[in-house]
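Visitor: I would like to take a close look at the aromatic rings of this protein. Please guide me through the way they are arranged.

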Amino acid sequence: MTLHATEPAAATDAVLDREETISRDELEALQLSRLQHTVAYAYDRVPLYKRKFDEHGVHPTDLRELADLGKFPFTTKEDLRLEYPFGMFAVPQHEVARIHASSGTTGRATVVGYTKKDLADWAKLVARSLRASGVRPGMKVHNAYGYGLFTGGMGAHAGAEALGCTVIPISGGQTERQITLIQDFKPDAILATPTYLLTIADAMMKQGIDPASTSLKYAVLGAEPWTEEMRHELEVTMNIKACDIYGLSEVMGPGVAGEAVETQDGSHIWEDHFRPEIIDAFDPTKVLGDGEHGELVFTSLTKEALPIIRYRTKDLTRLLPGTARPAHRRMGRITGRSDDMIILRGVNLFPSQIEEIALRIPELSPHFQLELTRPEGQRMDQLTVKIERRESVTVEGVASAAKVLQQQIKIHVGSSCTVSVVEPGSLERSNGKLRRIYDMRPKA
């Protein structure tokens, strides 16, 4: 059977892992057993956790049921930075098979390590995520995630190989070459950030290539928040099914959660390996119930080299009941990161809100930047939304679209802004993770 973008692969087309099919009760029993082992393992092997648990007045034996996890202290990115480079590792150096690290552009890098078993588990979970998103053994997979210390490229690569795919390891950037290889190698699926896939599609159109005419059927996209409006834009433009994949280096890398192509209703968290919580972003002592919106927290259940206890991701979302994988809860769309939140005149604003509104206005493209300024002599910050017009839009259409966007932001976000509609192709394009916010306010 030939798969097309309009014919998503059903779960019955693939052999699922046993853990994908167990009941919620079985899954929670497995979680408790693994969680009890993990907190004891971390306490015994990682000095930071022994110190934090003792200071917090808790001991691994206090974890008798899943709800007891809330008694334990959080782990933050700052903890990992303070323990740089290898203070968080729970195994001796000779058992660490691979090291990854963040870029360190906003401070000291965070370093993560993996044993051979960790790498095998990681590949299995990425393979599970890709399979859920429609990718099948034997397909050719074009991997446009960046390779190197960033976990995306190598994590996605290993998962695709574990699934039985043929991997094309192009990495990020070199957009013209990406297009050539897509044309020549005819891959079935592409792995990338959503904004970089948009960059590829735009570059194709400039070359006179119809992005909907390629061999691509599936896109598995992650590493940055994106909206349903962006999904629709990419699916229509490229004639594909686009699904989310979620992960972060401190917890594992890509593959912590994956979206099912038959439902496309949020990523199922692989809860046989990770225990998620939602906390109040403003009062982290409050653990919120399913369906409530807050900050996502993860505890690893099976990691050897770097067990992580209650890691604050800064990602804002909610937990929902499982659908395509009923026992595994889903993440709602990430609305943003608490550290990416713009507070403008007392109003909380995220780039994803602007994307959602802008893509409902036909004259405007998905390419935009947010500039924050504070004019000299003024106390109030100013927001300017720079956004490209579509190629076909007239001068009259530009003025009308700018006014509509300005009004819709005021209505739905509650903040005034200036909108500047600019020429197509004039804003920076993504070669990986895209920068949306340009803070040009004077430093204190």
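Guide: A residue counts as buried when its relative accessible area is under 20%. In this predicted model, Y43 and F53 are both buried by that criterion. The structure holds 7 aromatic pairs, and Y43 and F53 form one that is stacked, with 5.8 Å from centre to centre and 15° between the planes. Y43 belongs to helix α2 (residues 24–45) and F53 to helix α3 (residues 47–56), so their pair ties together parts that are 10 residues apart in sequence. Y43 and F53 also take part in a cluster, in which ring pairs link them with Y49 and F72.

A further pair consists of Y114 and W122. Planes under 30 degrees apart count as stacked; the planes of Y114 and W122 stand at 10°, with the ring centres 4.7 Å apart, so this pair is stacked. Y114 is buried, and W122 is buried as well.

Aromatic rings may also be considered together with charged residues. R128 lies over the face of W270, at 5.0 Å from the ring centre. In the case of W226, the charged end of R333 sits over the ring, 4.3 Å from its centre.

Note on methods:
Residues are numbered from 1 along each chain as its sequence is written. This is a predicted model: local features need pLDDT of at least 70, side-chain atom pairs count only at pLDDT 80 or more; totals for chains, interfaces and linings use all residues. Side-chain values use heavy atoms; hydrogens and water are left out. Rings of Phe, Tyr and Trp (its six-membered ring) pair if their centres lie within 6.5 Å; planes under 30 degrees apart count as stacked, over 60 as edge-to-face and the rest as tilted. Helices (H or I, at least four residues) and strands (E, at least two) are DSSP runs, numbered from the N terminus. Buried means under 20% relative accessible area, exposed over 50%, partly exposed in between (1.4 Å probe, protein chains only). A charge sits over a ring if NZ of Lys or CZ of Arg is within 6 Å of the ring centre and within 35 degrees of the ring normal.
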